[in-house]
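Try each task yourself before reading its solution.

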Amino acid sequence: MIGVSRTGDVTTIELQRPEQRNALNHEMVDGIATAVTGAVDAGARVIVLTGQGTVFCAGADLSGPVYDQDFLEKLLAMLRVIDSVPVPVIAALNGPALGAGLQLAMAADLRVMAPESMVGIPAAKIGVAVDDWTIKRLVSLVGGGVARGITLACESLSADRAWELGFANKIGDLADAQHWAATIAVLAPLTLQHYKLVLNDDGTRDAAPAAHLESMMRAWESEDLEEGKRARIEKRMPVYRGR
């Protein structure tokens with residue numbers, strides 16, 4: 001499910017579950033974390049993260065046991081690994097990045113988006129809620145107003161709009177991302193490590209207030225979540241009641 005290749009000092013990690021639109025399950029989350037730390041241990045100077053096929057990552061695999069709290073905790077731990085490794089990580093978005101897919105892209109330090117790619121967080125459509133890290137990082141990357149539209153209204157962001165906002169650093173494909181990674185890999189690694197440490201100190205590393213955690217878990221443990229799951233199986237619009 002996870003492919004790893006290396007050219008020079010650049011390691012490319014590929015999500016390889018195209019039949020499920022590279023949706024994340026427990027195995028893939030573990031595999032990404034292992035691949036990222038393994039690449040750093042093997043001396044990679046830059047990591048490129050991409051998806052196989054036409055989708056970067058469609059989010060969590062809703063057909064599996066991803067509604068459990070242990071999956072949520074495992075996902076957030078994996079994002080922290082990407083966020084904290086001492087080398088630049090470039091997300092090469094070959095297609096849509098939704099929910100957990102957008103979280104992956106935001107955990108990376110730089111983003112190259114294919115023209116047809118887009119990002120969004122449809123959590124409110126299925127009755128779950130994202131954490132403080134996700135919301136704060138989204139605000140830091142696209143601004144508060146756009147972040148509100150993406151979260152509260154489930155609006156998506158096209159590649160062109162993402163580039164205008166600075167969320168996408170470049171418009172291009174995997175080859176463009178790998179070429180850029182090679183040019184970064186020759187730069188002074190301790191300097192880049194310092195820059196990454198400072199840039200990622202955007203409030204996302206602060207502990208979430210207890211009230212925020214309680215509010216998030218109310219959604220994850222709600223009747224609305226169960227309604228969202230039933231509606232998905234029955235292929236109908238959910239009817240949420242706020243309980």
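The exercises below concern a predicted model.

**Exercise 1. Cysteines**

Find out how many disulfides the structure holds, and explain the result for C57.

*Solution.* 
- Step 1: Start with the cut-off: two cysteine sulfur atoms must lie within 2.5 Å to count as a disulfide.
- Step 2: Take C57 and look for the closest cysteine sulfur, which belongs to C154 and is 17 Å away. That is too far for a bond.
- Step 3: Turn to C154, whose nearest cysteine sulfur is that of C57, so C154 is in no disulfide either.
- Step 4: The count for the structure is therefore zero disulfides.

**Exercise 2. Burial of the two cysteines**

Decide whether C57 and C154 are buried or exposed.

*Solution.* 
- Step 1: Buried means under 20% relative accessible area.
- Step 2: C57 has 0% relative accessibility, so it is buried.
- Step 3: C154 has 18%, and therefore counts as buried too.

**Exercise 3. Positive phi**

Locate R21 and C154 in the chain, and give the phi of each.

*Solution.* 
- Step 1: As background, most residues other than glycine have a negative phi.
- Step 2: R21 is not a glycine, yet its phi is positive, at about 55°. R21 sits in the loop between strand 2 (10-15) and helix 1 (26-41), and with 42% relative accessibility it counts as partly exposed.
- Step 3: C154, also not a glycine, has a positive phi of about 55°. Its loop runs between helix 6 and strand 8 (157-158).

**Exercise 4. Helix packing**

Describe how helix 5 packs against helix 3 and against helix 6.

*Solution.* 
- Step 1: For helix 3 (residues 100-107) and helix 5 (residues 132-142), the axes come within 10 Å and cross at roughly 60°. The two are therefore oblique to each other, and the crossing is left-handed.
- Step 2: Check the contacts: L102, Q103, M106 and A107 of helix 3 meet W133, T134, R137, L138 and L141 of helix 5.
- Step 3: Helix 5 and helix 6 (residues 144-152) have axes 7 Å apart, at an angle of about 130°. This pair is therefore oblique as well, with a right-handed crossing.
- Step 4: Here L138, V139 and V142 from helix 5 meet G144, V146, A147, I150 and T151 from helix 6.

**Exercise 5. Nonpolar cores**

Identify the residues with the most contacts inside the largest nonpolar core.

*Solution.* 
- Step 1: The largest core has 56 residues.
- Step 2: Inside it, L24, F56, M78, I82, L104 and F167 have the most contacts.
- Step 3: A second, separate core has 13 residues, including V10, A92, V112 and L192.

Key
Residues are numbered from 1 along each chain as its sequence is written. This is a predicted model: local features need pLDDT of at least 70, side-chain atom pairs count only at pLDDT 80 or more; totals for chains, interfaces and linings use all residues. Side-chain values use heavy atoms; hydrogens and water are left out. Buried means under 20% relative accessible area, exposed over 50%, partly exposed in between (1.4 Å probe, protein chains only). A nonpolar core is a set of buried Ala, Val, Leu, Ile, Met, Phe, Trp, Tyr and Cys residues joined through side-chain atoms within 4.5 Å. Axes are lines fitted to C-alpha atoms, for helices over the stretch in contact, and angles run from 0 to 180 degrees between N-to-C directions. Helices (H or I, at least four residues) and strands (E, at least two) are DSSP runs, numbered from the N terminus. Angles under 35 degrees count as roughly parallel, over 145 as roughly antiparallel, 65 to 115 as roughly perpendicular and the rest as oblique. A crossing is left-handed if the near helix is turned anticlockwise from the far one by less than a right angle, and right-handed if clockwise. Contact means heavy atoms within 4.5 Å.
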